[in-house]
Amino acid sequence: MAEDSDLEKTEPASPKRIEKAREDGDVPRSRELATCAVLLASGLAFWGLAGQMNEALKLNMTLGLRFTREEIFDPAQFLLHLVDRIADLLLAFAPLGLIVLLVAIASPVFIGGWNMSAKALMPKFSRLNPISGFGNLFSKNSLVELIKAVAKSVLVGTVAYLVIVADLDEMLGLAMLPLDEGIGYMESLLFKSTMAIVGALVLIAMIDVPYQLHHYANKLKMTKQDLRQESKESEGNPEVKARIRQQQREMARRRMMSEIPNADVVITNPTHYAVAIQYKEDGMRAPVLLAKGADAVALKIREIAAEHHLPVLESPKLARALYAHTELGDEIPEALYAAVAEVLAYVYQLRVYHSHGGQQPQQPEALDVPDALDPHLQTSPINLMPV
C-alpha cells in the first residue's frame with residue numbers, strides 16, 4: 001500500500017519541475033482570456049479612433065467613385081486607382097490593427113507570462129500517433145473544451161441576437177440615412193455589439209482562467225517517488241554526499257595536523273581536549289588557533305607536539321574555552337587574551353631557559369578564564385567577538 005501511495009501524483013510540482021515545463025514550452029494558457037483581451041482592445045481602439053477612421057472612409061469612398069478618362073479606358077490605370085484606394089484604406093485602419101496586434105502578443109502575460117521555447121516548435125512523433133490522438137478526443141480535457149465551446153457559442157450568439165433585435169428597425173433603415181449619419185450610426189452599433197460580446201467573453205474568461213491554472217497544476221503534480229528522485233538528482237546521492245563530507249573532514253584534519261608544528265604551545269584538558277596556539281608579533285593582532293580536537297584527535301595533537309618538542313601546558317578550563325569558542329584559523333576571543341598572554345609569556349621564558357639556562361620559569365596556575373566561556377559552567381551566552 002505504501003508503494004502504491006508513493007506512485008500516486010499527490011504532491012504539488014516542485015520549482016524545478018515547473019521550470020523544466022517552461023523550458024519545454026508548457027505554460028498555462030487561457031484562449032478565452034486572450035480572445036477577450038483582443039476584442040476589448042479592438043472595441044476601445046475602434047471607439048477612440050472612430051473619428052479618424054470615419055473621415056478616412058468618407059474620403060476614400062469619395063475618391064473611389066471618381067474616375068478620370070484614362071482610368072476608365074485604360075485597365076492598367078484603373079488597377080492603379082484601385083491599388084491606391086486599398087492602400088489608403090489599409091493605412092486608415094493601420095493604427096487599429098497595430099493596437100490589436102500588440103494586445104494579442106502581450107495577452108499571454110496575464111496567465112503564464114511570456115515564454116519563448118524552441119522545444120515547443122520541434123516535431124514530435126507522438127503528435128502524429130493516431131492512437132494517442134484518438135484517445136485525446138475522449139479525454140476529460142476534450143470534454144471540458146467541448147462544453148466551453150458550446151457555452152461560448154450559445155452565450156455569444158444570444159448576446160448578438162439581443163443586440164440585433166434591439167436595433168433591428170434602425171439597421172433596416174440604415175440605407176436611407178445620409179452618409180455622415182449612417183456611418184456614425186454604424187460605428188455606434190459596432191462598438192455596442194463588440195462591448196456586449198466582450199462582456200459575455202469576460203464571464204467565460206473568469207471561469208476559464210481558474211480552470212486552466214487548476215488543470216496545469218494537476219498536470220504537473222508529482223509522486224513522492226518523483227520528489228525523492230529529483231532531490232537525489234539536484235542534491236546528489238546521500239551516500240555519496242556523506243562520503244564526500246567524510247573525505248573533506250579527513251583532508252581538513254590532515255591540514256590541521258600539518259599546522260601543529262608551527263604552534264607555540266599546546267594546551268590540554270589534559271586528556272579530553274587539546275588546542276594548539278600560535279602568535280607572531282609581526283602580522284598577528286592576536287593569537288590564532290591552529291588546531292583543536294577532542295578525545296582521539298586530542299591524543300594525536302599531543303603526540304605530534306611531543307614529536308616536535310612543543311611545550312604542552314595543562315589548563316583544563318582554558319582548553320575547554322578555546323575549543324568551544326574558537327574556530328580553526330580564527331583569533332582567540334578577547335575575553336581570553338589575558339589567560340593566553342600569561343601562557344605565551346611562560347612559553348617564551350621556557351625557551352630562554354632552554355637556550356641560556358638560568359632559573360626555570362614557574363608554570364602558570366589559576367589562569368583568568370571567565371566561567372561564561374567554560375562549556376562545563378556556561379549558563380548564559382556571551383559576546384566573544386574581538387574588538
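## The sheet

Four strands form an open sheet in the order β3-β2-β1-β4, and their pairing is mixed. Strands here are DSSP runs of E with at least two residues, helices are runs of H or I with at least four, and both are numbered from the N terminus. Two strands count as paired if DSSP finds at least two bridges between them. Strands of a sheet pair through backbone hydrogen bonds, either parallel or antiparallel. The edges are β3 (288–294) and β4 (312–314), each of which pairs on one side only. From one strand to the next, the twist averages 20°.

This is a predicted model, in which local features need pLDDT of at least 70 and side-chain atom pairs count only at pLDDT 80 or more, while totals for chains, interfaces and linings use all residues. Residues are numbered from 1 along each chain as its sequence is written, and side-chain values use heavy atoms, with hydrogens and water left out.

## Pairing and helices on the sheet

Strand β2 (residues 273–278) pairs with β3 in the antiparallel sense, over six bridges. Ala274 stands opposite Gly293 in β3.

Helix α14 (residues 316–325) packs on the sheet and touches β1, β2, β3 and β4. The direction of α14 makes about 75° with that of β2. Helix α13 (residues 296–307) lies across β1 (265–268), β2, β3 and β4, and runs at about 125° to β3. Contact means heavy atoms within 4.5 Å. The axes are lines fitted to C-alpha atoms, for helices over the stretch in contact, and angles run from 0 to 180 degrees between N-to-C directions.

## Helix α8 and the annotated regions

Helix α8 covers residues 140–166, which is 27 residues. The expected span of a helix is 1.5 Å times one less than its number of residues. For α8 this gives 39 Å, and the end C-alpha atoms are 39 Å apart, so the two values agree. The buried residues of α8 are Glu145, Lys148, Val159 and Val163. Buried means under 20% relative accessible area, exposed means over 50%, and partly exposed lies in between (1.4 Å probe, protein chains only).

An unreviewed UniProt entry lists residues 32–50, 89–114, 149–168 and 188–211 as "transmembrane region". UniProt positions are given in the numbering used here, feature names are shortened, and annotations may be inferred rather than shown by experiment. In the model, residues 32–50 are 95% helix and 0% strand, with end C-alpha atoms 26 Å apart. Residues 149–168 are 95% helix and 0% strand, and their end C-alpha atoms are 27 Å apart.

## Salt bridges

The structure holds eight salt bridges. A salt bridge is a side-chain nitrogen of Lys or Arg within 4 Å of a carboxyl oxygen of Asp or Glu. One of them joins Glu32 and Lys152 at 3.1 Å, N to O. This pair links distant parts of the chain, with Glu32 in helix α3 (residues 31–48) and Lys152 in helix α8, 120 residues apart. Glu32 counts as buried because its relative accessibility is 7%, whereas Lys152 is partly exposed at 25%.

Arg351 and Asp264 also meet in a salt bridge, at 2.8 Å, N to O. Arg351 lies in helix α15 (residues 337–356) and Asp264 in the loop between α12 (238–259) and β1, so the pair ties together parts 87 residues apart in sequence. Arg351 is partly exposed, with a relative accessible area of 40%, and Asp264 is buried, with 9%. Another salt bridge joins Arg85 and Asp88 at 2.6 Å, N to O. These two are separated by about one helical turn, because they are three residues apart in helix α6 (residues 75–106).
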